[in-house]
Amino acid sequence: MSDLLALRDQFHSILTTYCQENRSPPDYAAWVAELHARLLAAINAERTQRHKPAITLDTLERTEQLALGHTDYATKFPFYCAELVLDQLGPPP
């Protein structure tokens, strides 16, 4: 469980740092694309270290749908990212 929590904290840090550095994006779609690219790179780096195949951007975007609309999105999405690394998340809808 500690691996899951450590990964969650890592992805939460990526999310919050990016949001703090880019508070007023002129192009929201580009802002989201860059956030996804950063998270995808971090997830796949962790998966590579664990000798697991990379996930796709589509998988990350479908997984994010599980967190969208929640008041605790900033907690849920990083947690789901950690579960993706560890293959603990079921298939996204």
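**Helices α1 and α4 in a predicted model**

Me: What covers the buried residues of α1?
Reply: The cover includes α2 and α4, where buried means under 20% relative accessible area, exposed over 50% and partly exposed in between (1.4 Å probe, protein chains only). Helices (H or I, at least four residues) are DSSP runs numbered from the N terminus. This is a predicted model, in which local features need pLDDT of at least 70, side-chain atom pairs count only at pLDDT 80 or more, and totals for chains, interfaces and linings use all residues. Residues are numbered from 1 along each chain as its sequence is written, and side-chain values use heavy atoms, with hydrogens and water left out.

Me: Which residues of α1 are buried?
Reply: L4, L7, F11, L15 and Y18 are buried in α1. They cover an arc of only 75 degrees around the axis, so they lie on the same side of α1; the arc is that of the directions from the helix axis to the C-beta atoms.

Me: And what's exposed on the other side of α1?
Reply: On that other side, S2, Q20 and E21 are exposed.

Me: Switching to α4, what covers its buried residues?
Reply: The cover there includes α1 (2-21), α2 (28-49) and α3 (57-64), and among the buried residues of α4 are Y73, F77 and L84.

Me: Where is F79, and what does F79 touch?
Reply: F79 is found in helix α4 and, not counting residues up to four places away in sequence, touches L4 and R8, contact meaning heavy atoms within 4.5 Å. With a relative accessible area of 23%, F79 is partly exposed.

Key:
Helix = DSSP H or I, 4+ residues; strand = E, 2+ residues; numbered from the N terminus.
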